[in-house]
Amino acid sequence: MMSQRANPDLLLELQAYGAVGAESCFNCGTCTAVCSLTTDENQLPRKSIRLLQVGLQDSLLASVDPWMCYYCGDCSETCPRQAEPAETMMALRRWLTAQYDWTGLARKFYTSKVWEIGAVLALAAFVVVMFILFHGPMVTDRVELNTFAPAHVIEVLDWIMLGGLSFFLLSNVARMHHAIIRRGTKAPVPLSLYATEAWNLIYHFVTQKRFSKCDEEEGGTFWQKPRWRNHWILVSGYVTMFVLVVVFLRWFQTDEIYPIWHPQRWLGYYATIALLFGATDAIWGRIKREHQMHRFSHPSDWMFPILLLLTTLTGIFLHTFRYLGLPMATYIIYVIHLAIVVPMLVLEVPFGKWSHLAYRPFAIYFQAIKEKAQSLQQEPTGALAAGD
Ligand code: SF4
Ligand code: SF4
């Protein structure tokens, strides 16, 4: 499709992102035969490994294949060469995230523990210092969180942070679009396709339906597919809590204690339980290393669920101290809570593991646009052939 120069160091570069064993692949295709997500258009994972071996960097950049893999691990289990194709696909997703990111921060975080941990600690320290310098009056005979940290001020900071996160994430998505559609296909892409295929984006973000195909042997329903179910519960908790603390903070952060049936409480409880379950499940799986997908853990695989778990635990403490009427404990845990939440959002959403939640549905969306554009281009030829 495109003329390009091979990068002989690509395989070596991918090792820094966690690829192990890809050099042993002899291209037999067993992995593609067992992959439940492989299609004519996306031959997972053999094609990506072949492109990697021969160093065709631009073709990999134009490919959505790594995003179509949900790491069931079947390919690694059946590979006769122990080339660990599933882990290579994971490493390619990290590499692609770094390639889309124009700031270079994703590459630093994925390839250096010092950068990743240092950035989290630096941002956490910044939050603590800001609170020490600018917190409101500390009422000590009762809990007045909105005097210590006024919700209307935190809300403005939330919106500034949301604007920054959206800018970085969407500008990286624009680079992804450039690589996949602008450079990845010669077919003209009518603008109308962006509208008619937009349902893919929303549908796959909300349902994560393709995940269910990685659980095929587990049975038919949502509840019988543990990986899809657990991931969906985690994401639903994350989205609910994000909307509560960023969009509806004044409604959520109140000094008044509402009755148990109030939506402020049960929405908060649902999000907390979902986050606690999802983060613990992710960490416990990596500790036990029973499933193929947990055999290899890159530092970035630990960082996000750990930050998520700490966010949830400090949130539970905050809620408990506030309800017990302990003012100083409430104010201190609030600062600690935000010192974890801010790096978790600012670093993980546009530059870290969280970003796959955006890149996966965008990859499906771009793939649908690309396929439709290519079939539209072929239509006149087909009609002519039929006329002959
Ligand atoms: S990764 Fe393994 S199964 Fe797949 S093509 Fe290479 S050697 Fe064959
Ligand atoms: S990990 Fe599963 S979904 Fe991914 S390429 Fe291998 S078999 Fe396919």
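The structure described here is a predicted model, in which local features need pLDDT of at least 70 and side-chain atom pairs count only at pLDDT 80 or more, whereas totals for chains, interfaces and linings use all residues. Residues are numbered from 1 along each chain as its sequence is written, and chains are lettered from A and ligands numbered from 1 in the order in which they are written.

**Two helix pairs**

Two packed helices are described by the angle between their axes and the distance between the axes. Here axes are lines fitted to C-alpha atoms, for helices over the stretch in contact, and angles run from 0 to 180 degrees between N-to-C directions; helices (H or I, at least four residues) and strands (E, at least two) are DSSP runs numbered from the N terminus.

| Helices | Angle | Axis distance |
|---|---|---|
| α9 (113-134) and α19 (327-351) | about 135° | 8 Å |
| α17 (263-288) and α18 (299-324) | roughly 145° | within 9 Å |

A crossing is left-handed if the near helix is turned anticlockwise from the far one by less than a right angle, and right-handed if clockwise; α9 passes α19 in a right-handed crossing, while the crossing of α17 and α18 is left-handed.

Residues are in contact if their C-beta atoms, placed from the backbone, lie within 7 Å. On the α9 side the contact with α19 includes Leu-123, Val-127 and Phe-131, and on the α19 side it includes Leu-338, Val-342 and Val-346. For residue classes, Ala, Val, Leu, Ile, Met, Phe, Trp, Tyr, Cys and Pro count as nonpolar, Asp, Glu, Lys and Arg as charged, and the others, Gly among them, as polar. The contact of α9 with α19 has 15 nonpolar residues, with no polar and no charged ones. Where α17 meets α18, the residues include Thr-272 and Arg-286 from α17, and Asp-301 and Trp-302 from α18; this contact has 11 nonpolar, four polar and two charged residues.

**Domains**

An assignment, which may be automatic or from a database, gives domain 1 (10-100) and domain 2 (105-371). Their C-alpha centres lie 27 Å apart, and 25 residues of domain 1 are in contact with 30 residues of domain 2. On the side of domain 1 that touches domain 2, α7 provides the largest share, with seven residues, and that side divides into 15 nonpolar, five polar and five charged residues.

**Surroundings of the ligands**

A residue is near a molecule if its C-beta atom, placed from the backbone, lies within 6 Å of it. Around ligand 1 there are 14 residues, of which Cys-25, Cys-28, Thr-30, Cys-31 and Cys-79 come nearest, and α2 (30-34) and α3 (46-53) each supply at least two residues of this shell. Ligand 2 is surrounded by 16 residues, the closest being Cys-35, Cys-69, Cys-72, Cys-75 and Ala-86. To the shell around ligand 2, α7 gives the most, with three residues, and the shell divides into 14 nonpolar residues, one polar and one charged.

**Backbone details**

In the loop between α2 and α3 lies Pro-45, which a cis peptide bond with omega of about -20° joins to Leu-44. Glu-84, placed in the loop between α6 and α7, has a positive phi of about 50° although it is not a glycine.

Conventions. Two residues are in contact if their C-beta atoms, placed from the backbone, lie within 7 Å.
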